[in-house]
Amino acid sequence: MSRRTPRPRPARPTPASCPCGLPAAYADCCGRLHRGQTRATTAEQLMRSRYSAFAVGDEAYLLRSWHPTTRPPGAGLDPGLRWVRLEILGTTEGSAFHTTGTVEFRAHYTQGGRAGSLHENSRFVRHEGAWVYLDGVTGG
């Protein structure tokens, strides 16, 4: 009997329109950040790109965009969960001129045929010049 090395699961097929909700093609919007062609210029842009990474199953980007002091060993992607819509409810600071920022959002999903949502107030900071996700408080 031979031992097989598990292969990494491929990401979900990339959508034509960007999952983040902005009126742009995925390849021209969050896809550029996921491929490392550009960096997020605001905390909200990073939040949107991280939501899109969850939607397309890009665990590597999620981990790269997480602050090293709070980054888990894996992003815990659930293949049965489908992210369907993002609502940005509010932001504080997080512009190109800030070093910290928050983004309050509601992310809608379906799992097992049932609709649900995640409400979070996420904190972002600059680390080595780039916006990264620090942590968040869920609820509400």
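The briefing below moves from the overall architecture to the sheet, the salt bridges and the surroundings of one histidine.

This is a predicted model, in which local features need pLDDT of at least 70, side-chain atom pairs count only at pLDDT 80 or more, and totals for chains, interfaces and linings use all residues. Residues are numbered from 1 along each chain as its sequence is written, and side-chain values use heavy atoms, with hydrogens and water left out.

**Overall architecture**

- The protein chain has three helices and four strands, where helices (H or I, at least four residues) and strands (E, at least two) are DSSP runs numbered from the N terminus.
- Read from the N terminus, the order of these elements is α-α-α-β-β-β-β.
- The chain has 140 residues, of which 36% count as buried; buried means under 20% relative accessible area, exposed over 50%, and partly exposed in between, with a 1.4 Å probe and protein chains only.
- Among contacts (heavy atoms within 4.5 Å) between residues at least 6 apart in sequence, 45% join residues at least 24 apart.

**The sheet and the helix across it**

- The four strands form an open sheet in the order 1-2-3-4, with antiparallel pairing, where two strands pair if DSSP finds at least two bridges between them.
- Strand 1 (81-93) and strand 4 are the edge strands, each pairing on one side only.
- The twist from one strand to the next averages 30°, with axes taken as lines fitted to C-alpha atoms, for helices over the stretch in contact, and angles running from 0 to 180 degrees between N-to-C directions.
- Strand 2 and strand 3 pair in the antiparallel sense over 12 bridges, and alanine 107 stands opposite leucine 118 in strand 3.
- These two strands form a hairpin with two residues between them, and glycine 112 in the turn has a positive phi of about 60°.
- Strand 3 also pairs with strand 4 in the antiparallel sense, over eight bridges, and here asparagine 121 stands opposite valine 137 in strand 4.
- The hairpin of strand 3 and strand 4 likewise has two residues between the strands, and glutamate 128 takes a positive phi near 50°.
- Helix 2 lies across strand 1, strand 2, strand 3 and strand 4, and runs at about 170° to strand 1.

**Salt bridges**

- Side chains of opposite charge can pair when their charged atoms come close.
- The structure holds three salt bridges, each defined as a side-chain nitrogen of Lys or Arg within 4 Å of a carboxyl oxygen of Asp or Glu.
- Glutamate 44 is bridged to arginine 48, with the closest N and O atoms 3.0 Å apart; both residues lie in helix 2 (residues 43-56), four residues apart, which is about one turn of the helix.
- Within this pair, glutamate 44 counts as partly exposed because its relative accessibility is 27%, whereas arginine 48 is buried, with a relative accessible area of 13%.
- Arginine 123 is bridged to aspartate 135, the closest N and O atoms being 2.7 Å apart.
- Arginine 123 lies in strand 3 (residues 114-127) and aspartate 135 in strand 4 (residues 130-138), so the pair ties together parts that are 12 residues apart in sequence.
- Arginine 123 is partly exposed at 41% relative accessibility, and aspartate 135 is partly exposed at 27%.
- Glutamate 87 is bridged to arginine 85, with the closest N and O atoms 3.8 Å apart; glutamate 87 is partly exposed at 26% relative accessible area, and arginine 85 is partly exposed at 42%.

**The surroundings of histidine 108**

- Histidine 108 lies in strand 2 (residues 100-111) and counts as buried because its relative accessibility is 15%.
- The side chain of histidine 108 makes a polar contact with the side chain of glutamate 87 at 2.6 Å; a polar contact is a pair of N or O atoms within 3.5 Å, where within protein one must be able to donate a hydrogen and the other to accept it, and residues adjacent in sequence count only if both atoms are side-chain atoms.
- Leaving aside neighbours within four places in sequence, histidine 108 is in contact with Tyr51, Arg82, Trp83, Val84, Arg85, Glu87, Gly116 and Ser117.
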